[in-house]
Each structure stands twice: as C-alpha cells, then as structure tokens.
Amino acid sequence: MSNHYESPIRNPLILGKKTFKNITNDILKPIKNKAGNLWWIALFISVLAFLWGIMCIFYTIGTGIGVWGLNKTINWAWDITNFVWWVGIGHAGTLISAVLLLFRQKWRLSINRSAEAMTIFAVIQAGLFPIIHMGRPWNAHWVLPIPNQFGTLWPNFNSPLLWDVFAISTYFSVSTVFWFMGLIPDFAMIRDRISNPFQKKIYSILSFGWGGTSKEWKRFEEISLILAGLCTPLVFSVHTIVSFDFSTSVIKGWHSTIFPPYFVAGAIFSGFAMVQTLLGVARKVLSLESYITRNHIEYMNMIILLTGGIVFLAYISEFILAWYSGSPFEKFIYFSKEAAKGPFWWAFWALIICNIIIPQFLWIRSIRRSFFWSYVIAIIINIGMWFERFDIIVLNLSHDYLPSSWTGFIPSFVDVGIFIGTIGLFFILYLLYIRTFPVISQSELKTILKPKKEDELNNK
Amino acid sequence: MNNNKDICLHVLYDDDRILLNGIKIIQCHNFCSINEVYSPFPIHNLDKILKLKKTNLSFLSFVYGSFGFCLASLLTWYIMIFDWPQNIGGKPSFSWIKNIPSFIPVIFEISIFFSAHLMCISYLIQCKLFPGFSPKNPDPRTTDNMFLIELSIKNNSEKLVNLLKENGAKEVIIKK
Amino acid sequence: MKYQFTIIKKIIILIMIIGVIFIFLDKLEKNNLFIGLYVPIFYFTSISLGSLLFLGIQNVSKSGWSIIIYPVMEKITSFLPYGFFMIFIILLLNSMGFIHMFHWMDYNLYDINSNKYDNIIANKKLFLNIPFFLIRSVVYTLGCIFFYSKIKKLSCKLDKTSSLSDYKKLYSISVIFIIFFSFISTFIAWDWIMSLNPHWFSTLFGWYVLSSYLVTGIGLITIISIYLNKTGIFPLFRKDHLHDLSKYLFSSSLLWTYFWFSQFLLYWYGNVPEEIYYFLKREEIYNSIHFWILIPNFIIPFFGLIKSKNKSNPIIVGTVSFVLLIGHYINTYYLIVPEIYQERKINFGISDLGSLLLVGGIFIYVLFYNLFFNNKKLKHHVGNPFFKESKKYKYPYM
C-alpha cells in the first residue's frame, strides 16, 4: 500500500521523524516498563467500584430483582438503559476497524486496536445486564436453542429479545476474533523483543508461531478485508436488533420505524465519545503523542458531529411525526413539549443540553482540534447518551395508555451500584489491557510511515 | 528446493522498496530461487512480484456463510414450524415463509457467525498458525524493522552476495 | 463527437415522440395524465438529487479516488432544475384545483360541517395546508438549485485558479449543502410522497426514499462512466475507479434494503391496522410487490457484485446498475400510484410507459446535451488538489 500516491495537502498521520524501530520501541514501552503510580491508583479505584458492583449483583440475585427501583408501570428502566448504553459504546471499535478499513481511512490505524478493545470490554458489561435481569442466571442457557429435558421447549424465534441473544453473542465473538487476528503479528513482535522468560512464553503462545512470511501477510490482508466486510453489516445489525426490542412493541414512543438507523447512529455517536475519553488518557499516560495527533482527534470529532447530526434529525422526525400522528398518547413521548415540562424534565433537558447543544461546539475548528475541549465534550456526550436511553425507556413507559397507572421512577442504590460496578470492571479490563497488549497495531502502522511523494513516483 | 547441495542465504534489508528491488535482481538469476520473504508488515505488490496466487478465503467465507444461512433456516423451521408451532402475538407459526421477517435477524446473525469463525479457522490452518507453535521467522529482527529474503543457491554465491550488497542489502548470512 | 450527438439527439427525440404517442393512445383524462407523469418526473429528479448528494459526500469526505468522476456527476445533476420545475408545476396545478392528486388539498376535509370532514386530517392542518406546502416546495427547489449552481461554479473556478482558498470554499459549501439536504430530504419525502396518503406515516420514510436517491444516482453515474469510457472520451476512468463505484452501488443497495426491512418488519410485526393497511393495499393491488422489488433491488446486486472480480467487470456492473434503476423505478411507482388512485385497481399501463419514455427522453437529452455539446472532451477538474490522487488511484487489493 505504500506506493499509493497522496496529495501533498493531506495531513501527516504520524508526527516526527519516526523509524520502524521507533514504532516498535514506543509500542513495547508500556509492556516492558513498570506501571506508574497513576495506573495503580486507577486500578485500585476501579477494583473498589467493581467490588461494590459485585456486592449489589449478589444482593440482587439473592433477594430478587424487587430490590431494584422498578414498578409495575416502569418495568424496564435502569438496567436496560445501561445495557443499551454499553452496547452503544461497543459500536465504535468495530466501526473504526471495519468500516474505516473499507473506506481506506488510514487514520484508523493509530486508534483501532484500543477502540476494538474498548468494544469488547463494553459488550461484556452490556451482556451482564440481561443475565442479571433474568433473576435466575443459572438458567441463562435456556435462551439458547438446545434440546432439553422438558420435551419440546424451545426459545421463541419471534421475540426480539431472542434476536438480541444471537446478535450480541455473534457480535462479541466476531469482534473478538477480528481483534485477535490483527493482534497475532503484534504479539509476534513482542515475543521477539521481550526478555522475561515467563512473558516470552505467554506471548509466544499468543502469537501462534507467526513469522511474517509473504503468504501469511497476503492471507492476513485478505482476511482483514473480508472480516471488515462481514463486520460492517454486523455492527449495523446489532444496534438495529437492540432497537427492535423497543420498536416492535406497540408502546407509544417506542413503535417508530426510524428507531433502527437512529439507534445505530446514536451508538456510533456515543461509542466515538467513549473512544475519545479513553484515548485522551491513554495518549498521555503511554506517551503516544506522535501517533494520536490533533488530526486523529479532529477526524473523530467530525464523525461525532456527523452521527450527532443524524441523531438530531431523528429527534426532529420523531417530534414532528408524533404530532402528525394525532394520537393523544404520542403527546408525551421522550422528545416532546410535554416531556420538557413533565415530571422528568431534568432527564429531558439533560438530553437536550448534552446531546444536541454541547456537541455543536465541535463545529468550531479550534475546539475540534483541542485535546482538552474535545475530551470534555466527549464526556458530556457520554452522559447525554445515557440520558437519551433513559428518556426513551422511562419517559415513554411512565405515561402509558392507562392514565391511572402513570407513575415515576426512582432508582434504588442497587441499580446505581451495579452500574458503578460495570464501569469499574470496564476500567479494570482496560487498564490491564494497556499494560499487556500492543495498544497500536504497529505492523499496519508501519505501512503508512513513508507515503510516497510525487517526485519519487515520477522517478519510477 | 531444499537439496542438501544448496546453500541457504539470508539477505536482510531495512527498507521495503530496496527489498523489492533486491527481489527483482534475484529473480534475474535463474540459478537461485527465493524460498520465502519475511517482513514486519504487509508489503504492497510483493505478492505480484513473487507471483503468489489469490487465496480462496473469500470464496470459502461465502460458502461458510451460505452454510450458516441454511443451518439457521433449518433451525428456525424445525423449532418454530415443525416441532412446536404456536400462535404468538397473532403471528401463527404454521408457515416458515410467511413468518420469515421475524426469522431474518437470527438467520443473518448465524450466517455471519459461521462465515467469520470458520473463515478465521481456515486462515489459521492455511497459514499453519496454532497456539504454541514455535516462531517461523529465522531472525527475530524481521518482526521489528528488518526484511529478510531466504533464498537457496547452487553455487556462485559470492558473486551474488556482492551484487546484493551493492544494491542495498544490509547483511547477508550464509547458512549451510 | 458532434456528429455522434446529432444521431443520439435524433434517437432521443424519437423516444420522446413514441412516449407522447403512447400517452395519447391510452385516452386518459387530464388527472391521470399528470399522475402518470408525476412518477417519472419524481424518479428522474431523484436520480439527479442522488448524484448531487453523492458529489457532496465525496467533497465533504475529501475522498481522493473520485475526482475524475466529478464531471459525470455534475452532468447528471444538470437535470435538477428542470425536474424540480416540472414537479413544482404539477404541485401548483394541484393546489389550484386543476388536478387532484393530494387528497388533503380538499377544503371540505377541514370543514367541520361538511360530511367529508376528517378529524385526523384536520388536526394536521398546521403542516398540511397549501400555502405552507408551496413555501416548503419552493425552499427545496431554490435551495437545491442554488447549491448545485454554486458547487458547479466553484469547481469551475477552482479549475482555473487551482488555489487552496477556492478549494476550501468548495469544501465548506458542500458541507452546508449536506446539512441543508439532510434536513430537506426528509421533508421532500414527506411532502411529495407520504402526504399523498395523509393518514399513514412512518418516521423512517424520509431516509428510505433518500437511500433510493443514492442508489439510482450512483447507478446512473456508473452506467454513464462506463459508456463514456467505451466511447473513448473518458480514458481516465479505469477498473480501479469502477471497482470503487460498484462498491458504493453494492453498499447503497444494501442500505436501501436495510431501510426497507426496518420499515416493513416494524409495521408487519406491530400489525397495527392503521399502519399495516399501507402494505396490505399494495399486496392486494400488485400481488405483494414489496417483496418482488427485493429481487432487482437487493438479490441481483447482492449476488452480482459480491465477488471482487465482478466489481471491476463493466458488463456485469453496468447490467446490475440498469437492473437497479428499473427496480427503483418500480419502487417509486409503487410508493406513489396506489395512493393516488383511491378507488379502482390500477395496473401499469401503456401511458405509464409513455410518460416514462417522455420524461426519460428529456432527462437523457439534457444529460447528453451537457456532455457533448460544444466540448469534445470531458472537462476534468484538474484544479482540485486531489485530482492527481484520483488519476493515479489504484485499488490496493486488486
């Protein structure tokens, strides 16, 4: 790919005069060196949060899901909000590595590895919630179509919840495989560099005996392309199916055909925000400043703007067509005038401010290229997207077709605790990852180190 | 190729473009043959110069996907139509084809599942990669910044070595 | 080349005359004549819109490979003002009461004393009233024409100056166009198609129609590029470019299928009488046409283009694009026509074919006039900073 001509006005993707050797050493550094204090403190806090979450999970399972804040009207709230939020975050990684590969966006190479890791860890958190919500998680295998002792008791393939089982598990396993296939050459690089015999053993097992022969590379490139082609519709399908959980029902505010693409766009929106959040830290801590540059931040912010715009359009469609439908129940959907003044006004305005108003600042070039401000905006978007899911679920359920059963929702400490616990687990996994894995796909990054300039091509 | 008489040469380069040039020089000499090229990253055009055939992985993944499609169709038909048909939410499960919209998501996911996983397994088998295999690269530097051509040569090695060194080879190691 | 154009011109004029004859053979009343014309006019305008949208997307994404195809995209878009004008005339005739396509334009629906009074439609009066409707249509028309001419002018200027500041202007106008278009595209679909049936609505409808623009736009870009390449005036268009175009064709047809499926599944699954009757009606009139259009719009492109080798084969890609164009015509037809003819069962007749030929003839005439008249060569955008990148572009995995 190195003899591909590039216009001189394109920005360089790697700053400074790096050599192949420099890239190798920069990627090796966090694995070879000892962890700093900051890392230990972060891990300690994450473990604490995780332990708190574990306790809440045990309490829930031991007592029953009555300990959550759910009631008869709002029978889905905090847990499914977290589920959708985490699945949404888990969309950016595979999008970056699959869709951007198909679009041949070279800037993906500095961030795809970490983004994919984030995807996998986020999907793990998402998968926890339905399992906890089962109440009897030891029967979780009942969702699978396996012959059983009850005769012909099969799962219902008409149910979107079952589609979810297939979608999330396929997504998780395929993205893990996609991630791992790309990791093999980089593990081989670490294997050949590292001196500690124990680590060498581990990395040589993980590298599968990779040698970097020409045939291996050819197959590697081909398989990455095909996997990207397979993952792209998969990314779309996963959040589409998550949106089907809501939109196949005939509950007002949920039964809307725009939900599938709108959820996908929202997922990418929140996912990229999370990538920004994590990479902003990783860039500083692992000193990857020459690989994750202002340009990378700007490109990601542009995707955030694009997907945020799509989400905004979907809000407008929902708002106008809710009125257009003429149904009195549609007057109180999550995005309506009534919701703005109703009992959940705070959730509504959190959505408006975090998801619509604040991201518009990214239109300003200097903010879009500022590490600090894009970091702040990314965190705000993360919060906003959480509230969006909360609004869609809780607001719509709170005013259902039977006015006598209208009610509110207050989360219990267990609800909040499990959420904090998943954040803890997510950060534990991420912190372990950045110390043991090659955080940048160095082998592919080396291919873009020297783009051929015009005069060199003419000489040929 | 690996006759006992042959001498094995390891030619190392530190730049991919000089490497491609070196391969062309070697290919001009018909008394030696390139066994393998090791590189730290995929080199564009290398497959064309070495005349590697296009792999069948894309075809295989299509076959695997079709297999998954058929399997999922069979699964949904057997479970929902044949074994225990029910009327669920006004969607009577007495005809697979009439109920197909609600089976599409699962059929899609299973197709992708089989296609992706079986293709990766085929890839690992074709490349002979397996957890715990010993490294294939003869020199650990080839995963860092060096490019290595492994070639076997009958005689006249000195002349070629000199020629390669003139054309930018960093190091030439003769292995018996 | 001028000689060739005169032959093509004669053929096109012949096609148009045949179209007119077909229309008159069918002895239509005034109303049905315009209904028949509305479908192809909307269809060909949507091709132009799709092409302009694709051009805008390429500009905004700073894509390198596609610069050499820009002139083709611009030429296809050149029908845009005429198409919008024709649509606008039909809408104007509707609002003046000469023809009756839009059910909601009937005053009696809003009159509470009338026996035709429709509570649901009356509630929508804020949106569905003639002045506001016309204002919206004017905004779409003028907006799209403004952006089209602005983009065309700026890229012409860029060719002469090759300056980066002009390029930046082109870039920012394209960004503004994309924002503008993303808003209006939803409303265009609501106003010009969905409001034909004021009782039915779907939030996805705007994007569903939008994806159809993209598919047809890219399909025609592909066909014209292959054709110009065959005639020899477009030698820069190589297999690498074709490969990328067919990937866009492939993915946009999948996008359309995705939207189709999302909309259909949710209404089929929900089975709410107010929503599902839209599909039931079409099933009754056209024998489940919404499934059959999946064959040209999804299955043929999917299996035709899934192989990498096929993507750079001009015959296969050209055929698939043609099939897609037909498939999307059927899609447009089935979206519009069953809503207008409320009472009787209506089938695709000779006058529909005639109006397709007539409007298609105008479309092709405008296109070829712009392509061939006065300039023998395709004027490439050499001033674009990515022009060289596009010229030297090589698909890396071929």
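Chain A puts 59 residues into the contact and chain B 69 residues, with contact taken as heavy atoms within 4.5 Å. This is a predicted model, in which local features need pLDDT of at least 70 and side-chain atom pairs count only at pLDDT 80 or more, while totals for chains, interfaces and linings use all residues. Residues are numbered from 1 along each chain as its sequence is written.

About 5700 Å² is buried between chain A and chain B, and carbon and sulfur atoms give 65% of that; buried area is the accessible area (1.4 Å probe) that two parts lose on being put together, summed over both. On the chain A side, A:Phe157, A:Phe208 and A:Arg219 lose the most area to chain B, together 12% of what that side buries.

B:Lys136 pairs up with A:Glu216 in a salt bridge, with the closest N and O atoms 2.3 Å apart. Several elements give two or more residues to the side of chain A that touches chain B, among them helix H6 (160-193) and helix H8 (214-247) of chain A; helices here are DSSP runs (H or I, at least four residues), numbered from the N terminus. H8(A) gives the most, with 17 residues.

Over in chain B, helix H1 (residues 16-28) has 13 residues and reaches 19 Å from its first C-alpha to its last, close to the 18 Å expected at 1.5 Å a residue (1.5 Å times one less than the number of residues). Buried residues of H1(B) include B:Leu19, B:Ile23 and B:Ile26, buried being under 20% relative accessible area (1.4 Å probe, protein chains only).

Conventions
Chains lettered and ligands numbered in written order. Heavy atoms only, no water. Buried < 20%, exposed > 50% of the residue type's maximum accessible area, 1.4 Å probe, protein only. Salt bridge = Lys/Arg side-chain N within 4 Å of Asp/Glu carboxyl O.
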